[in-house]
Amino acid sequence: MRGTLMDNRLGRKHILMHFVILGFIGLLILSILLAVCIGSVKIPFYDVYRIVLYQVTHIEVGDPEILGGGTLYEIVWNVRLPRVLMAAVIGILLAVCGVVMQATVQNPLADPYILGISSGASLGATFSIMIGASTVFTGVLAETGTAFWAFLGSLGATALVMLLSTLGGGRVTSAKLVLAGSVIASLCGAFTNMMVYIGNDADNMKSVTYWLLGSMVSARWNKLLLPGICMIVGVVFFLTQMRTLNTLLLGEEAAITLGVNLSLWRKVYMIFTSLLTAIAVCTCGIVGFVGLMVPHIVRGFAGSDHRYLLPLSALFGGIFLIWADVVARVLLENTEIPIGVITSAVGAPIFVYMMVKKSYGFGGQNP
Amino acid sequence: MNLKTKEIEIVLSKKEIVKKVSIQVKENEFVGLLGPNGSGKTTLLKSIYRVLKPQAGLVLLDGEDMSKMSYRDTARRLGVVSQFTNMSFDFSVEEVVLMGRAPHKRALSQDTAEDFRIVEDALRTVDMLDFRNRSFQTLSGGEKQRILLARTLAQQVQLLVLDEPTNHLDIKYQIQIMDVVKSLGIGVLAALHDLNLTLMYCTYVYVLKDGKIVADGHPEDIITSELIKEVYEVDCEVVRHPATGKLYVVYFSKAQG
């Protein structure tokens, strides 16, 4: 006899989770709408939405004076909205990459940066800021900016990590990958610090630090395009991979015996997440903790099944970063706090809470 | 379904672990793989379920070279219960068993009521239905072992490879698991330590020592006190039980004289 999904507890969970996902989509939209209204310049809700509505649909509401130009228009349409959207896009990217990376290296402590991306990006960015491409190169390369070098550094470091983990032959194991990541991180860190030390320029050092901690301050519509497209492609791709990601969590051997071509998919996932993370990093610097913490928080209430974990983490990551960016904008008057400071400061106590709460074991054995 | 290995050779860290091993599991045969610790049983099995690549030799499934098949195809025909390794993420028991359906699913296909029914049947078969909502991590070793068997049952394969399936199990569940596997009526290749269980269930055995097959045949013909002395270096006597009419092994210990 054929039953229905409702006959089974897992089936019911499946249906329930669809509502939770819908709820989170609502929260994300609400967060975007609210966050646009908050900032150092007080703008009434009414004006904010008149401007957004006019720009999107060309429907004029109220006084048409401010809708297509002027200071208010500039702030709402060209500064705040792209910035809020950028925070959402980066949050989604990092959370998704975190989920996938944890499954790929089968390590609950993995984050999007584990394959040396952040250290490589730091090295590239520091080189660009402290020394400058134009002092070393001529021609096209001399024109390249910090974002380009950060991107190059990320990919270079990741390529080295993958190369290192295949040394000595044998299967690429998650332990080898994590170790190779640490090796490259410490190597890149050494060069970064040397440049900062030798450069010894207070202003440049400040911009390096600022860059390393991440910020949405440079967000504009034209800068949103690339990460936006990457985010959509990435999310869609990984949503088709949820079953394989689940089997990866069971361990390397189990994945193979359940029909997963482990070495192939692991490579595909690593290359793909590295590219996505590198895009995020070269746009907004290194926003820490989101890619590590968001998947763990979501596992706490939705479980490890990627069918729920992946979409919920993406949405949660977007919402979280929007509000982190709001705090970064408004906490201190006339000063922007790097967003990485906020995410780490908020993230640490949440992590402690979850450590203390026994029902969630961080993937390890529950006592 | 018929499984054959042809002159498998495996070298790990420059040491030859498996030396030209050819074995066969015929349709519906329950084949035991015996041998002391370190004789290469697990390594041989790993090359059969494709976690290790043999340096030489072939594994044939119904005459088809397995290394040329997709992993998904292999997983639909051949199921594995291997020695338990720790999982670093937690799932519910039911979710773990449901993953046995993975090789039958396309990337975007949903779980159906049929899948849930198969999962439920598998859990009932290993006597773990009451544990369906429990977190897998909180189970004992023996319970985990039974869940992994249930996952393989949900896979609905025609051939089972078991690596010491009765490890961690108390005697009740040792017999229960062997009964379950036997009652499936499919081909089984099982590495076993317990010679009495081997005598009870297997229809054919291969004995492995130092990576080589040293004996094979029907268990009643193969398991003798001479062979056990030679392979395991243990004194024993193989006797026929008056009630069951089956052979069983009694071991002698030096300490008891």
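Me: Buried area is the accessible area (1.4 Å probe) that two parts lose on being put together, summed over both. What is the area buried between chain B and chain A?
Reply: This is a predicted model, where local features need pLDDT of at least 70, side-chain atom pairs count only at pLDDT 80 or more, and totals for chains, interfaces and linings use all residues. Residues are numbered from 1 along each chain as written, chains are lettered from A and ligands numbered from 1 in written order, and side-chain values use heavy atoms, leaving out hydrogens and water. Carbon and sulfur atoms give 54% of the buried area, and the total is about 3500 Å².

Me: Which residue of chain A forms a salt bridge with B:D111?
Reply: A salt bridge here is a side-chain nitrogen of Lys or Arg within 4 Å of a carboxyl oxygen of Asp or Glu, and the count between chain B and chain A is 4. For B:D111, the closest N and O atoms of the pair are 2.3 Å apart, and the partner is A:R307.

Me: Which element gives the most to the side of chain B that touches chain A?
Reply: Helices (H or I, at least four residues) and strands (E, at least two) are DSSP runs, numbered from the N terminus. Several elements of chain B each supply at least two residues to that side, including α2 (71–77) and α5 (141–154). The biggest giver, with 5 residues, is α4(B).
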